[in-house]
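Subject: Structure handover and notes

Dear colleague,

Please find the structure below, followed by my notes on what turned up in it. I would be glad if you read them with the model open beside you.

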Amino acid sequence: MDALSPEAYASFPLTLFDRLFERTTFLTGWLVEGKIDTDALEVALAGVTKKWRVLAGRLQSIQDENDVTQWRIKVPLGEIPDDYETFALTISTGEHPLPHYVTSPIPLISQALPHALFIHPSTPRQYTLWESKSHPLTCWHVTHLPADPSTGGKQHTCIGFARSHGIFDGVGAAAIMRALVSEMRGEDWTAPPLPKSGFSDNPLQRALDARIQAHESQGSVKPENYHGFVNLGVTGAVKQIGWHIRERWWKGADRRILLLPKDVLLFLTNTVRSEISRSSDGSSTIQVTTGDILVAWVLKTMYSQGTSPKSVIQCSNLASFRGLLAEDDPSILQYIHNVFVPLPYPSMTVAQLKSYPLHELSSILAASRNALAIPHLISSHDALTSITAFPANPKANENVVVSNVSASRILESDWSAIGAIRTVCGYRYQLTPNEALMTNTVYIAGRLDDGSVVLDVSLSKERIDLLVKEVLILKAVGEQAGMEAV
């Protein structure tokens with residue numbers, strides 16, 4: 001980048017919502033049928049990153065006046081030299097055909113494919129390496145799997161999109177994918193305007209600071225019983241780490257892909273909505289979404305047996321708050337960095353979870369989702385000033401972390417323009433320098449072309465078995481009812 005003059009750069013800071021994930025690389029993987037054209041992919045990536053200059057940037061650190069490290073994105077504005085990489089693309093050929101890893105079609109429950117099929121080993125996993133390597137911010141890896149003789153020579157390709165979770169969140173990654181799909185198709189798309197030359201502030205932080213100032217001047221209090229991002233302290237952090245280690249090694253926690261078939265999903269959601277309509281006489285004004293129903297179903301199923309009725313459970317469902325600040329600055333709706341906090345879900349005992357009918361629990365979660373407000377953001381922002389901040393309730397016996405990115409449709413990204421026949425399955429990986437597995441997590445990844453929902457879970461063996469059993473029960477009940485809610 002030395003070939004560019006200092007005036008040809010823009011630089012803006014990341015926020016505390018980014019720093020929380022500075023040691024995490026997020027990887028989205030698509031398993032597609034067919035052999036994709038990597039030359040066409042390279043051309044499309046070059047087009048996207050040269051038009052959308054923030055994506056061509058680099059991570060940099062500076063020391064502020066208080067000698068505190070500030071992490072920023074340095075964006076090239078002028079002509080980009082030929083030897084400057086605006087993205088990273090690596091290509092490999094796998095040793096084994098798909099059946100070595102998983103059968104096709106993908107079964108109801110399966111292991112995730114090895115992440116090495118979707119990411120190059122040189123991809124950084126923490127801020128310091130992104131900076132020291134001057135590494136491009138978006139990393140793409142393609143693995144061509146050998147043709148499968150048992151299926152008449154059918155070919156499959158693994159496509160991986162890796163990026164620092166401390167730079168982009170799921171909504172931002174989905175926006176990048178939409179631009180890439182348009183570029184691959186040769187369609188017009190509008191890149192965000194170039195940032196101003198030189199140092200500038202962060203629009204999200206600017207809007208949030210104004211809200212914090214107004215909140216304090218009005219003497220507003222923090223929300224009660226909200227467990228968003230919480231400062232656990234050293235003891236609490238060690239306790240959390242120990243709990244995840246115990247789940248991994250004593251309770252057999254592992255990652256699995258669970259497919260919820262379209263007919264089962266429709267039967268589940270239609271039944272719940274029918275019950276809500278009957279119980280409220282149509283007077284309810286809160287829309288209960290498919291996401292609300294899925295989270296409620298997962299919680300009731302996970303804790304249907306095997307856990308003390310007195311155990312307190314806290315679910316942290318991570319949700320974007322772009323809409324809350326967009327009235328202050330509409331550009332925040334297009335902001336691609338981290339903008340999410342846990343929803344204000346109430347803590348519940350296992351006994352309470354069991355006692356609520358599914359439609360009532362779904363309605364409670366929907367009301368909590370609609371209750372997200374500025375004080376919740378400020379509470380989480382305050383907690384993030386600590387290095388031991390985490391989405392958890394330190395007083396709960398167990399914490400469940402949920403992330404629902406199905407609305408972003410990132411899994412449904414269309415690769416057909418460069419040779420894919422269809423997307424067979426999707427995967428997500430949170431990679432850290434020490435390969436830690438965060439357990440008791442449920443990631444609602446999105447839908448496949450047959451309407452199935454992909455649940456990417458990291459749970460104990462007992463809880464995975466409970467989810468599979470419940471899917472089979474729903475399928476059987478639904479088939480008896482003609483897959484129609486009564």
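The buried residues of helix α11 are Leu358, His359, Leu361, Ser362, Leu365, Ala366 and Ser368, where buried means under 20% relative accessible area, exposed means over 50% and partly exposed lies in between, with a 1.4 Å probe and protein chains only. What covers these buried residues includes α7 (262-280), α8 (290-302), β14 (348-349) and α10 (350-355). Helix α11 itself takes in residues 358-370, and its 13 residues reach 18 Å from the first C-alpha to the last, close to the 18 Å expected at 1.5 Å a residue; the expected span is 1.5 Å times one less than the number of residues. Helices (H or I, at least four residues) and strands (E, at least two) are DSSP runs, numbered from the N terminus.

This is a predicted model, in which local features need pLDDT of at least 70 and side-chain atom pairs count only at pLDDT 80 or more, while totals for chains, interfaces and linings use all residues. Residues are numbered from 1 along each chain as its sequence is written, and side-chain values use heavy atoms, with hydrogens and water left out.

Helix α8, one of the elements that cover α11, is itself mostly covered, with 11 of its 13 residues buried. Among them are Ile293, Leu294, Val295, Trp297 and Leu299, together with Asp292 and Thr301. The end C-alpha atoms of α8 are 18 Å apart, which agrees with the 18 Å that its 13 residues should span at 1.5 Å a residue.

For the chain as a whole, there are 13 helices and 19 strands. The radius of gyration is 23 Å, close to the 23 Å that the globule rule gives for 486 residues, so the chain is as compact as a globular protein of that length; this radius is taken over C-alpha atoms, and the rule is 2.2 Å times the number of residues to the power 0.38. Of the 486 residues, 53% count as buried.

Some details of the backbone may deserve a look. Most residues other than glycine have a negative phi, and most peptide bonds are trans. The bond from Ser104 to Pro105, however, is cis, with omega near 5°, and Pro105 sits in the loop between β5 (88-93) and β6 (109-110). Asn225, in the loop between α5 (203-217) and β10 (229-231), has a positive phi near 55° and is exposed, with a relative accessible area of 66%. Arg409 likewise has a positive phi, of about 60°, and counts as exposed at 52% relative accessibility; its loop lies between β16 (398-404) and β17 (422-431).

With best regards

Note on methods
Contact means heavy atoms within 4.5 Å.
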